[in-house]
Amino acid sequence: MQNHSNAVQKIAASVQHYFKRREPFRIYHGSTNSTRQTTHWRESTVDIGPLSRVLKVDTNARTALVEPNVPMDRLVESTLKHGLIPPVVMEFPGITAGGGFAGTGGESSSFKYGYFNEIVDSVEMVLGNGDIITASDKENPDLFHGASGAVGSLGITTLLEIQLMQAKQYVKVTYYPTRSIPEAIAKIRAEIENPELDYVDGILYSKEHGVVVTGCLTDDIPDSAQVQRFSDADDPWYYLHVKEKTLGSLQPIAEYIPLSEYLFRYDRGGFWVGASAFEYFKFPFNHFTRRFLDDFLHTRMLYRALHASEQSRNYIVQDLALPFSTAEKFIDYTVDSFGIWPLWLCPLRQSRLPTLHPHFPETEADGQTLKPMLNVGLWGFGPAQHDKFVAKNLELERKLREFRGMKWLYAHTYYEEDEFWDLFDRRWYDGLRRKYKAESLPSVWHKVKVDPNAQKQAIDGSWGSWALQFWPLGGLWGIRKAIESGEYVTARNSTWKRRDGFSSSR
C-alpha cells in the first residue's frame, strides 16, 4: 500500500498546484473505451496511468482493493485465483474499474445488481483542491453516489473497494429463439423476474430473428455436455455462434461456457463491430480470415485502430436505455433510419435518483422501486459525410427523448448545455461541484460534448486528419498504430483464457 499512497500523494500535489493557480486541468488515464476523439495534452494534465494494480483480495470480506486503471481481465484473473468474481464484469477486457465507476457500466448481470458502481463499497478520491478523502454510503455519501456516472468531473478516483461473490466453473446458457421484436422484448422482461438467473441479455439479428440469452452459474455439467469456448483464434465469434445455433430453431438450446469465457465472450469481434473492419477493407469475412487476423480483432486492438484511423467520426457507437414500454417503437425507428443489425438488448436495474446514469422516474406498484430499463446497443457505420453524420446523431438524440430514453455518455454526445441539463438534475450536480471543490475540473457536459464545428475545423485544418478521410488510408494508419501499441500481446498473454485454469477445469 505504500507505493499506492506515494502515487496518490504525488497526484494530490499536482492537483493542489493547479488549484492554487486557479488553472483548469484534465485527467489522463492512459487508455479509453470512449469513442470520442481525444487529445492528450501534457500540460495542465494530471496523469493517473500508473494506478493499475489489484492491491488486495480479501477472501473473508469478499472484497478487492483495486486501483482505477485495473482492466476487467486483470481484475478477473486476480479474483478467480481465490474462487471469487465481481457480480458485474464489463464485457470488454480492457474496460477499467475506474471507468466502470465513473462512467456507466451495464452488462448482462445488471438486471440483478445494477450498474458496475453498485458493486463498489467505497472509493478513495482526490478532490479538486488536492484533498484526499474516502467516499462510501457512510462517509461523504452524497459524493459517493454523485461521482458514479460523473465521468471524473467531481474528483479523481484513486482506489476502489469492490464487492466479490463466489465464482463457479461454468455458466449454463440457454438460447431462446424469438421471431419478432416485441417477442424478444417481452421475453427479456419476463426472464428478469426469475431470481434463479445470473445473466440476461439478447441479440436481434433482424426483425424475424432474435435470441434471448439467460445464464446460471454452475459447477455441474452433464458428462455428455460439450464445453463451448470463444477466446481462441479457432473458436467461433460468440454472436455468430449464437446465430448459427438458433437460425432454424424454435426451441431453447442450452450449452455450457467456462465462466471467464462467458464474461468476455464478446471480446473477439467487439460484439460484431469487428465485422465492419472487413466491410471497410472490402475483405472476405469467413472463418479463415477471422482466424488469420485474430490479433487485430480483439477489443483493445479495435479501439486503438478506431481512434487512430479517426473512423469514429463516422461510425455510430451508441448505447441507448429506454423504458420497456417504448423500446419496440424506438427499435423500429433505428431500423428504418439506420438499418443497423445486429442490435444488443440488455436489461438494466436503475440507480436511485438523482443520477447521471440513464434513468426514468416511473416506479413499480410499490411506489418505490424504479422500473427496469432496456438498453439497445446501436453500433455500425453512419453517413460518411461529416455534416450528415452530425445530423443523424442529432436526430437520434431527439428521437431518444421522444421515447423517454437516455444515452450512455461514453459516446458522441451533441446536446447543447441547456438540452443536456433538461435530462439531469443540474442543481444537485452543481451543489456537489461546489461542496467538493470540483469547479476547477471540466463539468460533465464539457467532458462529453462533441463540438461539430470544432471537429470539422480540426479535420479541415490538419493535413493528416484530412488524408485519413480517404479509403484506405485511415484504416491502414489505424492498423499501424494498433500494432505499435502492442495491445495484441496483452490479449495473447491473458491467463483467463488458459484451458487448465479455474474456469476450464472439469
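# Briefing on side-chain contacts and backbone features

Phe470 is placed in the loop that runs between helix H18 (463–467) and helix H19 (473–485). The structure shown is a predicted model. A search of the whole structure gives 32 aromatic pairs, and the structure also holds 29 salt bridges, but it has zero disulfides. The points below take up these contacts by topic, together with some backbone features.

- Together with Trp463, Trp466 and Leu473, Phe470 forms a nonpolar patch on the surface. The accessible area of these residues together is about 500 Å².
- Pro472 also has its place in the loop between H18 and H19. The peptide bond that leads from Trp471 to Pro472 is cis, and its omega is near -5°.

**Salt bridges**

- Asp73, Arg74, Glu77, Arg300, Arg304 and Glu487 are linked in a network of salt bridges.
- Within this group, the side chains of Arg74 and Glu77 meet in a salt bridge with an N to O distance of 2.7 Å. Both residues belong to helix H2 (residues 72–80); they are three residues apart, so about one helical turn separates them.
- Arg74 is partly exposed, at 26% relative accessible area, whereas Glu77 is buried, at 12%.
- Glu487 forms a salt bridge with Arg300, and the closest N and O atoms of the pair are 3.8 Å apart. This pair links distant parts of the chain, since Glu487 lies in helix H20 (residues 487–492) and Arg300 lies in helix H11 (residues 299–309), 187 residues apart.
- Both partners are buried: Glu487 has a relative accessible area of 16%, and Arg300 has one of 15%.
- Glu487 also meets the side chain of Arg304 in a salt bridge, at 3.1 Å from N to O. Here too distant parts of the chain are linked, with Arg304 in helix H11 and Glu487 in helix H20, 183 residues apart.
- Arg304 is partly exposed, with a relative accessible area of 35%.

**Aromatic pairs and charges over rings**

- Among the aromatic pairs found in the structure, Phe271 and Trp272 form one that is edge-to-face. Their ring centres are 5.4 Å apart, with 80° between the planes.
- Phe271 counts as buried at 7% relative accessibility, and Trp272 counts as buried at 4%.
- The pair of Tyr333 and Phe338 is edge-to-face because the planes of the two rings stand at 90°, with the centres 6.2 Å apart.
- Tyr333 is buried, with a relative accessible area of 10%, and Phe338 counts as buried at 13% relative accessibility.
- Arg189 lies over the face of Phe324, 5.5 Å from the ring centre.
- Arg290 lies over the face of Phe285, 4.6 Å from the ring centre.

**Cysteines**

- A disulfide is a covalent bond between the sulfur atoms of two cysteines.
- A disulfide requires the sulfur atoms to lie within 2.5 Å.
- For Cys346, the nearest cysteine sulfur is that of Cys216, 16 Å away, and Cys346 is in no disulfide.
- Cys216 is partly exposed, with a relative accessible area of 24%, while Cys346 counts as buried at 0% relative accessibility.

**Further backbone features**

- The peptide bond from Trp341 to Pro342 is cis, with omega near -10°. Pro342 lies in the loop between helix H12 (324–338) and strand S15 (343–348).
- Glu310 has a positive phi of about 60°, although it is not a glycine. Glu310 is found in the loop between H11 and strand S14 (315–323), and it is buried, with a relative accessible area of 16%.
- Lys437, likewise a residue other than glycine, has a positive phi near 55°. Lys437 lies in the loop between helix H15 (426–435) and helix H16 (444–448), and it counts as partly exposed at 37% relative accessibility.

Terms used:
Residues numbered from 1 in each chain as written. Predicted model: local features only at pLDDT ≥ 70, side-chain atom pairs only at ≥ 80, totals over all residues. Heavy atoms only, no water. Phe/Tyr/Trp six-rings, centres within 6.5 Å; stacked < 30°, edge-to-face > 60°. Buried < 20%, exposed > 50% of the residue type's maximum accessible area, 1.4 Å probe, protein only. Lys NZ or Arg CZ within 6 Å of the ring centre and 35° of its normal. Patch = residues over 30% accessible without salt bridge, like charges linked within 9 Å, V, L, I, M, F, W, Y side chains within 5 Å. Areas by Shrake-Rupley, 256 points an atom, 1.4 Å probe, with all protein chains shown as cover. Salt bridge = Lys/Arg side-chain N within 4 Å of Asp/Glu carboxyl O. Helix = DSSP H or I, 4+ residues; strand = E, 2+ residues; numbered from the N terminus.
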